[in-house]
Amino acid sequence: MTPMEAFYEAESTSIIKHLERRGMEGYYCPTSAEAVSLACSFIPPGSTVSWGGSETLIQCGMLDAVKNGDYEVIDRDSASSPQERSQLMHQALSADFFLMSSNAVTKDGQLVNIDGNGNRVAALIYGPACVLLLVGMNKIVRDVPEAISRIHEQAAPPNTLRLNLKTPCSVTGVCADCTSKDCICAQTVVTRFNRTPGRIKVILIGETLGY
């Protein structure tokens, strides 16, 4: 075990305790493969599964596992029209399982997410029976203010480039606190407590994943 691997394991132990204090289940997996296996073990065959936009889910292999598994997937990218895409995004809000990452997780167990359309944070807040979050340890921050700074400075600019959006940060790489029509920082959600036992499960992964 490398020093960084040992550090991630030790840090995750503390975070998981705080997640549990806040009504969320926490788990730690050293690798993406182990995290995907664990996440799939929570999802019974035949379940309806959907997800929010996430580079982490792509990079760790979770989306491939779900699309190739014995599940009924609700995939907005399969839509043939904007209207159908909107319908699928609404259907995702009543899925059995919703998959996502988190833009940041504080050391005391709070989830911090900033969204454009709001469908991802809406699903986290209410709707799907269970929400599974796969989060690289690179997204751990000290507190909520640091989480918001991290998202504005490190996550939003590359995401605007990934999505081909025209915002100030896509040009300069620096947050301008914009109100551009393409702004992906429209909603800020801090999940500090989960009132439905077993609904939110957070799998921390000992790798650098996502933005």
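**Salt bridges, step by step**

Asp 182 pairs with Lys 181 in a salt bridge, with 3.6 Å between the closest N and O atoms. (A salt bridge here is a side-chain nitrogen of Lys or Arg within 4 Å of a carboxyl oxygen of Asp or Glu.) Keep in mind that this is a predicted model, where local features need pLDDT of at least 70, side-chain atom pairs count only at pLDDT 80 or more, and totals for chains, interfaces and linings use all residues. Residues are numbered from 1 along each chain as its sequence is written, and side-chain values use heavy atoms, leaving out hydrogens and water.

**Exercise 1.** Work out whether Asp 182 is buried or exposed, and do likewise for Lys 181.

*Solution.* 
- Start with the cut-offs: buried means under 20% relative accessible area, exposed over 50%, and partly exposed in between (1.4 Å probe, protein chains only).
- Asp 182 has 18%, so call it buried.
- Lys 181 has 77%, so that one is exposed.

**Exercise 2.** Find the salt-bridge partner of Asp 77 and classify both side chains.

*Solution.* 
- The partner is Arg 85, at 3.0 Å from N to O.
- Asp 77 is exposed at 55%.
- Arg 85 comes out partly exposed at 31%.

**Exercise 3.** Which residues are linked with Arg 142 in a network of salt bridges?

*Solution.* 
- Asp 143 meets Arg 142 at 3.7 Å, N to O.
- Glu 146 joins these two in the network.
- Arg 142 is exposed at 54%, while Asp 143 is partly exposed at 27%.
- For the whole structure, the tally is 10 salt bridges.
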